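Thanks for coming. I will go through one structure, a few places at a time.

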Amino acid sequence: MMFSNKQTKPTFKSYLPPLQTDSNKSPQLPIKKLEAKLLPGEIVVNEANFVKKCISTESCQDDLWGKLVCTNFKVSFITHNSLPRQKFQCTHRLLGEHDIPLACVEQVVTVNDIKGKQKILGSNQKLKFNPTELILYCKDFRIIRFRFDEAGPESAKKVCLAIAHYSHPADPQLLFGFEYVGKRYHGSTGETVNGVDPGGGLQTPLFDCSSDWDREIKRTGASEWRVCTINQGYFISPSLPEFFVVPVSLADQDLKQYACCFYSQRIPLWCWNHSSGSALVRMSNISDPLQQRKVEQRISSAIIKSHPLRSDVFKSDLDKNLPNIQDIQAALLKLRQICVIEPFEESEEKWLSSLESSRWMEYVRTFLRHAVDVVYMLESRHVSVILLEKEDRDLSCVISCLVQLMCDPHCRSLHGFQGLIQKEWVMAGHRFLDRCNHLKKSDKEESPLFLLFLDCVWQLWNQYPAAFEFTEVYLTVLGDSMWVPVFSTFLFNCPRQRAEHSRDFASSKSIHLGQDQALRFPPVWDWSQQFSLKDQTLFNNPLYVGKIATCVQNGTVKTFTHRRSKKNYSSTLRGVPSALRNGSLGPNDTLTRRNSLILRLRSDLSQVREQQETPSERFIRDWFSRPVDLQGLLLPQLLPSHLSVWKLYFLRWVPEAQIPQGGPITAFHKLSVLTDEIEMLQNQLRQYKGAGCTPNNQHMEHSKMYFKVTLTPHQSPAPPEYLSSSFPFSPVGNLCRPGITGTPLSKFLSGAKIWLSTETLANETI
């Protein structure tokens, strides 16, 4: 029997609508009309049409079709579609909803699932197969996936190679910030373009001039210290700022003579003065063994003379007492693996133990503990402290900042905190270019020290939120800003490097700098570069109790204090209620952790510890026995059970970790509305008394709170539907990997603690 090649027409007629299969459906929109929004100095390098962005692993129905574009600044996905279930997102002025800065790309992985091949792409590498999928692993814990099922194989290959190449710049001047600043702020004759002055009008001191240091000396009462100018032009040390503070008793000639004895000629730097006169100083190691004793004695003598009581100097060796930069980097890689990379169904039974074994939380605790030890020397012993580190550019940045945060309420205000980072990180020469690995040159140099610092700050914030003017959203956004390489704050290893590279770039591009000595990169503290005034109100903490925050009770003006129950003071130091140390539990005492019953059997050991209490432990116990002054000294609770995972940063992209209408944001919403209502009522009271005030409609525009009270009487605004524990971020489209439903992670998110072994619990001290 012969079969005809002619196809027969189907005879069955369906009366049901055809089933939509999004995974095979080609885009029906004019993809080629989609264009990337470019910043000044930004150019398109390569692009591919008909690309699909994967929204989730389990289903393809929400995937988006569009154009994938690689520029010299970012990876951009442009689509006409909107994200499903995406009801809110802050608008970033430099980045679109689907944009990824090239500096944020950790790894570029190409896949051909037909041939079963995959390759990690680096700069100037070849790709021998046509990719069907692109996976971008990001430094902010995102995992972004794109499919090329409908895209041309050559265009898919080219855009993947372009992303790999431009995310590995060979020279600092190839970082986008140079093109951006050169085009946006500097005209051909040196005038400021459009009247924009990067960093102009900032309230945050940049410590790039002697007047900022003078003000800091006066603010802290450091009368025996002075601004030193011997490093102007960076003639003494290449990594120190041009202006810094030294003891009055040290002459410039002596400093020039001693400089050659220190690593990188880094003369000791003054950080801060305690009200008792004790000073916090940071110092690199002395490289010349023959001169070590003489120079150390001279420096110590000068610091002693600066103290009104001529108190001695305590030296704290950070290299011996703290983990090194490689250990910290290894901990973050393990943490990232646990949180977002590993399929959770493969590791579900050991998620919490894996989190502990990453050692990230252990390192956070170690840094906080060491900072408390330094605080004890300054606050209780009234002696000056020298932070010793080989090059004084890494660990000392973290400790010096934490000490000042605990001791000085000014550093817990927004501008004070920003000035603290500018002083102790940026101007002190922390290697942001190397530690962030912006050039992808050396993994050995990469280390997330600044992220570790922000996590330590968050732990303090989480225990005393009313003591800080800013919110955890601010801390999270600040961490993300490291990967937007247009700001001077996170772009260079030291001020001299910024000056030299910007002068060279200006010369190569024929940019006339005029009176400026270098390109004027905007600091990250000019938040209007990234967010609208409305979105910046998310940084304002409604709980913050500043110096002038008072209340009136029964006709008496009182200041706010934060009181703690007695069971918390005792458990802070030892981890057990005070009564338990005597072998019994009181009616108001509770066991603080699971498995802590073993501590009942070791009450004799607790009594031995009580007898062996060190002066430092006694100082801490005494502090916790008093009400907390939010405008005074703050000490963190340091048992492992007191520290939490910073969920808003590390777990914000995990869909299963998101709690709709839940999490801390619900309390933040109510407190913001209440604060806004109080401010509005105070304004109405001033209006009633005839004083100048702002009308209610203008109050709504100028309110410091993101969430505002309604003008309708007796109507409390309901929490918006878009609120979730990830607010203002969204995991939708930002993390594609298998789910975790029913695993220990979901239990942990519901309030479970990270438990150590029984032996560790029995032996832990603060």
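I begin with strand 14, residues 384-389, which is mostly covered: 6 of its 6 residues are buried. Buried means under 20% relative accessible area, exposed means over 50%, and partly exposed is in between, with a 1.4 Å probe and protein chains only. Helices (H or I, at least four residues) and strands (E, at least two) are DSSP runs, numbered from the N terminus.

A word on where this comes from. This is a predicted model, in which local features need pLDDT of at least 70 and side-chain atom pairs count only at pLDDT 80 or more, while totals for chains, interfaces and linings use all residues. Residues are numbered from 1 along each chain as its sequence is written, and side-chain values use heavy atoms, with hydrogens and water left out.

Back to the strand. In a regular strand the side chains alternate between the two faces of the sheet. Which residues of strand 14 are on each side? Ser384, Ile386 and Leu388 are on one side, Val385, Leu387 and Glu389 are on the other, and all are buried.

What does strand 14 pair with? Strand 12, residues 279-284, pairs with strand 14 in the parallel sense over 5 bridges; two strands pair if DSSP finds at least two bridges between them. Met283 stands opposite Leu388 there. Strand 13, residues 313-317, also runs parallel to strand 14 and is joined to it by 5 bridges. In that pairing, Ser316 is opposite Leu387.

The phi of His382 is positive, near 60 degrees, in a residue other than glycine. His382 is partly exposed, with a relative accessible area of 32%.

**The annotated residues**

Next, a record. In an unreviewed UniProt entry, the annotation "binding site" covers Asn324 and Ile325. UniProt positions are given in the numbering used here, feature names are shortened, and annotations may be inferred rather than shown by experiment.

Are these two buried or partly exposed? Asn324 is partly exposed, at 36% relative accessible area, whereas Ile325 is buried, at 13%. Asn324 lies in the loop between helix 6 (318-321) and helix 7, and Ile325 is in helix 7. The side chain of Asn324 reaches the backbone nitrogen of Gln326 at 3.1 Å.

**The largest cavity**

On a 1 Å grid over the protein atoms alone, a cavity is a set of points where a 1.4 Å probe fits but cannot get out, and lining residues have an atom within 4 Å of a point.

Of the 19 residues that line the largest cavity, Leu332, Arg435, Ser447, Pro448 and Trp483 are the closest to its centre. Helix 7 gives the most to the lining, with 4 residues. The lining divides into 11 nonpolar, 3 polar and 5 charged residues. Here Ala, Val, Leu, Ile, Met, Phe, Trp, Tyr, Cys and Pro count as nonpolar, Asp, Glu, Lys and Arg as charged, and the others, Gly among them, as polar.

Last, Phe727 and Pro728 are joined by a cis peptide bond, with omega about 5 degrees. Pro728 is in the loop between helix 24 (696-702) and helix 25 (744-749).

Conventions: 1 Å grid on protein atoms, 1.4 Å probe; cavity = no way out; pocket = protein on both sides within 12 Å on 5 of 7 lines; lining within 4 Å. Polar contact = N/O pair within 3.5 Å; in protein donor to acceptor, adjacent residues only side chain to side chain.
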